Amino acid sequence: MSRLRRIAVKAVTSVVVIVAAASVTFFAQLAVPGDRANTLMNLQTGQDKKWSVDELAPLNERFGFDDPVIVQYLDYVTGLFHGDLGTSYTQKRPVTEVIGGQLLPSLTLTGAALLVAWALALGITLLTVKRGRFLTSLGTTWEALTASLPHYWVGVVLLVVFAVQLRVFPIIGGTSALGTVLPVLTLAIPLAGFLGQVTRDEFEQVLQQPFVTTARTRGMSDLGVRVQHVLRHAILPAITLSGWALGALVSGAVIAENIFGRPGIGQVLVTAVNTRDLPTVSGIVLVVAAIYVVANLLVDLAYAIVDPRLRAA
Amino acid sequence: MSTLTVTRAVHLPKVGTVLSLLVVAFVVAAALVPGLLVDGSPTAIDLKSTLEAPSWAHPFGTDDAGRDLFTRVVHGARESLGIGLGATALAFVIAIGLGFTAALAGRVVDAAITRVLEVAFAFPALLLALLVIAVRGPSLATSIAAVGIGSAPGYARMIRGQVLAVRQAGFIEAAAALGHGWFTVIRRHLFPNAMRPLVAVATLGVGQSIVWASALSFLGLGVAPPSSEWGALLDAGRLHITTSWWLEILPGVVIVLVAISVTSLGRTLQNRLGGAAR
Amino acid sequence: MTTVDDRPVGRADRVSGTTELLRVENLRVSFGATEVVGGISFTARPGQCLAIVGESGSGKSVTARTLVGLTGPGARVSADRIDLAGADLLHTTERAWRGLRGRQIGFVLQDALVSLDQLRRVGDEVAEPLKLHRWGNRAARAAKAVELLASVGVPEPEVRAQQRPYELSGGLRQRALIASAIALDPPLLIADEPTTALDVTVQAQVLDLLAASKERGTSIILISHDLSVVARLADEVAVMRDGHIVEHGPAGQVLHDPRHDYTRMLLAAIPSEHTRGTRLSGTATTVQRARRQVDRGRPVLEARHLTKVFRGPDKVDRTVVDDVSFELFGGETLGIVGESGSGKTTTARIALAILEATSGEVLLRGEPWSALSTDRRRPLRKQVGVVYQDPLSSFDPRWSVGRIVTDALATGRRPPSSKTEARDRAVRLLEQVGLTGAHLASSPLRLSGGQRQRVAIARALAPEPSVIVCDEPVSALDVSIQAQVLDLLTDLQDELGVSYLFISHDLGVIHHVSDRILVMKDGRVVEHGTATEVFERPRHPYTRQLLTAVPRLGSA
Amino acid sequence: MKARTAAVLAAAVLATASLSACGSDPAAGGGTPKAGGTIVYGHVQEPPCIFGGWIQQAYISRQVLDGLVTLAEDGTVKPWLATKWAVSPDGLKYTFTLKDGVKFTDGTPVDAEAVAWNFDYWENKGGNSTAKVSIDPYYKAAKAIDASTVEIEFNTPFPPFLTLATQGYFGIQSPTAFKSRTEKENCEKPIGSGGFTVKEWKHGEEVVLAKNPGYTSWPATAKHEGPAIVDEVRWKFVADGVSRYASLSTGESHVVYEVPTVNWKDAQSRYQTIRYITPGKPVSFYINTRTGPFTDAAVRKAFAYGADRKSAVEAGFHGVIPYEGNPAVSQATPGYNAEVAKAYAYDPAKANQLLDEAGWTQRNADKVRTKDGKPLTIKLVYGSGFIFTQEGATVLQVLQEQWKQIGFDIKLIPATQAELWGGKYTDPSTFDATPSYWTSPAPSILWIVWRPSTTEKPNGSNRSFYNNETLSAVIQQANSEPDATKANDLYGQAQKIIQDDAAGIGLYTQNSTYAVAQNLKNVWLEKSQGEPVFSDAYFTG
């Protein structure tokens, strides 16, 4: 099967995946007990009570909550294919807009986090792997430590140390460049540890490969061997994992945004789930799924570039 | 075949492994018989000694209800560990089902399951948790379910790969050549060997699950008070971090310690068992 | 530190074999407490080839690596002197070593598939030494790489240079590897098992290649476990065992008039036409064996027009086995010989009815075998045993030797009725294959290659089969071990009258064990007949080609 | 200063009390005013729209929309958009005279028609459900007499109306703008005549409010006459208390809302602080009187006696937020009955006795009281993270521990917003007690909360499911009593009935706390709901 064809097939299935994800969310939310109109009413009044049928009638009318589920779903899906994700119950704005406004901050956050994580992981691996007992255990310990750090805790500590106490970074920096540093680190540090461990494993394996010896017998320096031969092999698993990592980062972003009061789909998501804002939640899932799919296509691409063997097959 | 074999470096120095064992032992003890490690109830309030900094009397200090934080941490071990184990177990039950079916039930089923997994992957774990919690309401069981379901797809994918790999192994064919039935071969060779490297992975999973569950509690979606599940402690400590640091820092350190220990043990195990399944 | 002259040694003092290029005196290497090389001395002369021969663990490879200062982590190296063209290698800094490697000393490892960086272009790999030693500019190096590939006989070198190692055949890869080693025309070339894992024909070509550069005055140190390979190239042979050189002398003398028992043993162990019907192992080299009777009645196993077609991912059909037929009679050994890709293993798997043929069928004692449904075949399997090339992978890593054997017993004609009976019979089987009851508890992982293969044989025997399919059963073994295993197989045949379908790429082995032989090429049987017919009066050109390619001690 | 019992002034008193801790009073001005500047205000929750029936919306819409009338510190109603008003002798008609020449920021005049339209919009078009419930069912109609005279008509006399009308929910919008613009625009940028206009809403981050240069309609309670002094107010949403408070110290913000109680003392020493005790229903328990153990009044009372609520509150809120023993209305509410608040002081002995008498005599293995084998288990549902902050949760846990001593098995059930708003815990079977509050400047809140819930006219707010005819009669009488003293007396009785029957159990007052940077003056809270007012604020040089 040709590469183009593979990508085409992948693209198609991806669309399926995306819509499926959104649909799952759609029904999952319908499954959530409690009446949407009631939620909306309470949200509008700051109450937590049960409203009478005629009090809710206008809302039900307005959003068609009374329509049969299947009708609501079909409306939704047809909307999807017209690029219409519906209108937020609470914000009275099109979901595309609700998300659109928040997407960029989240993307910058996760994207930057991924990059920083890679930089950290590679740097530390190159410096410490198989570099004598001390450096090696230093590296592995650092990785084990960071890999086990809970995002939120890193966040809170970073915030207090660097923003509140040392005042190096703003506390409510919003989306400013400076204000992005701490959230990014919050996500990047644990991920770096994780990627580092994976890369290290591979690196050690590859260092023992005969072709590495061959390179040495040609008069190549240790650093040369590491950078020009081993590294390329060693990053393969980490590349594969990066696609998955992005998914995890989105979850992490929710927490980071929560701690740093940073706008982003994470914030919107939590609010939307709380307020039963079905179109928004489904919309976010759809977008996240899309990002995930794209990310993985990129990963495949990157992989194919680094490892031509795949192109052949 | 004459090549130099260099033994692979075990992750974390040996010392680390020992320390890890100690930490885990302590936590398990705390989970099983907290009474041995601390006397007094984790919920016993003492409004006369609130927000006291760590001292001999209160190694981890006290919270704003005058409860001894150390006692709470020790008693919290049961829930935290419970969630970690429970979630991982749940995840594996699901994953083994999916993974094996995918790997053994033929192309069509495989394709189908792989798609499903892909969807599941495209689905942020935390959102899944949020939804589960929205349906069931926050509780211990919910946390387990949320984290378990959230991490199942990853394992499923792993197991599938593992099974496919082992299926190629020579001893599978050898067993068949001896005239054993396919089912016997699966039961006696395929399953145990496919699951072998996953023991380590599972251990790693426990660590991650604990962290994840505490994340839920941290978002206020965790176990109900007065439980002292570690994430809940962090959530409670958050407001105090500038005024009574111990309430936020010490439980955090505990979580990290446990996570590292479990993880490093898992990795050591991984290196021992060889199969570094990902 | 000593300054090392980077310039290649002038041609003048190369051609003559008199001056020494490399001198090693009393070299000792140890890892931790264990001494791997225990004080060996040798010299290498321009235009000459020194072969260091030994079985696994003899320390030959460590020695080779030591000569390029890559003994490995945690190794302690000492020697009275190691001189290369007058420069002292013993006290050389890592930096200086880098100057020497690739420039003064070329190194060729075995199995180019893993010895070349899979992710880089062949051209770049070949040119790397040039780059490292700042030879010319990018373009010049690229050109030189192509030139080098051409010089080692790689067809359409421009194309190959752009491809990656996995896209090349084993032979071409090995050539490329050699090309990169001789890129800077180093005066000393060390080749560590350069032809292992290559088909005989390719092996021959590669050896010729090395011979050629020897002619050009390069001094070659050839590391190998295979005396017959060495015979083709070596001027001098040093036989190593447990880190010591047990015998060292001119090739002719060592190979034909060995002084040391070990050398004799090694030589005797090489299966070939001369060794037919004799024992290979043990000191006495020529013990005639009583040939057992082959019953030419109804064939035990019969293959009729087997054809297997595989459909590749590119939807193109490949015929791997093409109309193969044979008969295997009771107590007989039928050898199937062929190079990689000849379809011999696939044929074996079809015969085992583990793989389904696209057409044709296999009969067991005249009854349908391959045609049966899996369930109907299962009870019959006890009649057909199998021994694989890699025994270890054919054992469940979690199982002990005892469990492996008893499990096989249970599937046999007479399943043991009690645990104790099972145990006793397992012990008897182990003893039959030259092991003891002591091995019952141990895990195959902790056995030696030879012992493992014995366990595999025991397992195959357990159900008391009438046929055992042996797929390259000795290819992974050292020559002495191989000898023992081959003897074991033949002994068992004499004892039990079991028939073998014996697959191997090694003509020597095939010739040694087989009564009748099939020669396969590209899935077809190109020649078949009795061993004598095939080897003495080969009809098919391919067979002749094979026979000439086989390295023979005689040639030295 | 001399202690006053008049709870009406409690807020003011407490505010000044807390201010006295740090010399300068933000509302008292001082320093040399500097024109212009941008105030950064750290708020907590982000509402879905600027205007609406949620207190979070009142806070911000107050900046943009003017009301007819406003409330003075002394609790009297003062002019705003309405310069004066008259009540018909029968108490059914309110006639407001509007200030001349006031224009909405879209240029259209703030006239009688506009006001009448707004009333109709809130009460009949679902424009503001809280405005609706607070004057339902008394409200009849609003009509414009002439350009500057509007008349609001009622079915029965309803004196609290004027006070209620001072809430942010009664903010007047431009009908023209509302009708001509999209729903989204009306949601994000309502057009009023207020001191500020919504310039931009960066969702998830902040709302930028720009000064309304043409501001002419400041309330009588304003600290200065004329448009806002600062150019902009950046209304930021910072959910995390630590960050919010810390942002003051780094100068990233000038005013923050809801100072974490742990930081209150620190705040008092470093900044200007304001604390506002919300009038209306305090944070008190609804007690399910329809099903479960609490159907027995004795058990309810035992519950009330059984825990030291006062010290629990002090512990949880570090002595910052006052305990409120009165379940019906808070000490900041007119007509507050201070006597009632004293009932059910901590008395475990009494509690035990009551329970024994009530037949909960046995105890099971966990020391939980049982009756006919059934354990005395109480499902206590609370809004986790939004109604109840961590501090509140601590209070509940302390109480839980004390209740345990007298044999109650309290199940704390943290409910998510999704669950509560979804109405998961509205059915009697789902809970036995649940705490919540309802801000309102008038005691008529009693009617909203305690109106009997009948099948034909259900009252979802009556979460105690407590239908008491006497109570409802007293409240209705009070609501229509023209004489304030008499009315308050009646409200007082109502509170007593509720308390005596333990239909609710008091806990603490809902507070709003603010910390203001030293260099920012004249930030003050309007009296009705404690919304911050920025149109008078200025920076000192």
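This is a predicted model: local features need pLDDT of at least 70, side-chain atom pairs count only at pLDDT 80 or more; totals for chains, interfaces and linings use all residues.
Reader: What makes chains A and D count as chains in contact?

Author: Two residues are in contact if their C-beta atoms, placed from the backbone, lie within 7 Å. By that criterion, 45 residues of chain D are in contact with 42 residues of chain A, so the two chains are in contact. Of the five pairs of chains in contact, chains A and D share the most contacts.

Reader: Which element of chain D gives the most to the side that touches chain A?

Author: Helix 15 of chain D does, with five residues. Several elements of chain D each supply at least two residues to that side, among them helix 2 (55-64), strand 11 (232-237) and helix 15 (417-421). The residues of this side divide into 13 nonpolar, 22 polar and 10 charged.

Reader: How do you know that no contact joins chain C and chain D?

Author: The closest C-alpha atoms of chain C and chain D lie 47 Å apart, whereas a contact requires C-beta atoms within 7 Å. No contact therefore joins chain C and chain D.

Reader: What makes domain 1 and domain 2 of chain D touch, and where are their centres?

Author: The centres of the two domains, taken over C-alpha atoms, are separated by 31 Å. Helix 1 (10-20), helix 4 and helix 5 (161-164) of chain D each give two or more residues to the domain 1 side.

Reader: Which classes make up the domain 1 side that touches domain 2 of chain D?

Author: That side has 12 nonpolar, nine polar and no charged residues.

Definitions and conventions. Residues are numbered from 1 along each chain as its sequence is written. Chains are lettered from A and ligands numbered from 1 in the order in which they are written. Helices (H or I, at least four residues) and strands (E, at least two) are DSSP runs, numbered from the N terminus. Ala, Val, Leu, Ile, Met, Phe, Trp, Tyr, Cys and Pro count as nonpolar, Asp, Glu, Lys and Arg as charged, and the others, Gly among them, as polar. Domain bounds come from an automatic or database domain assignment.
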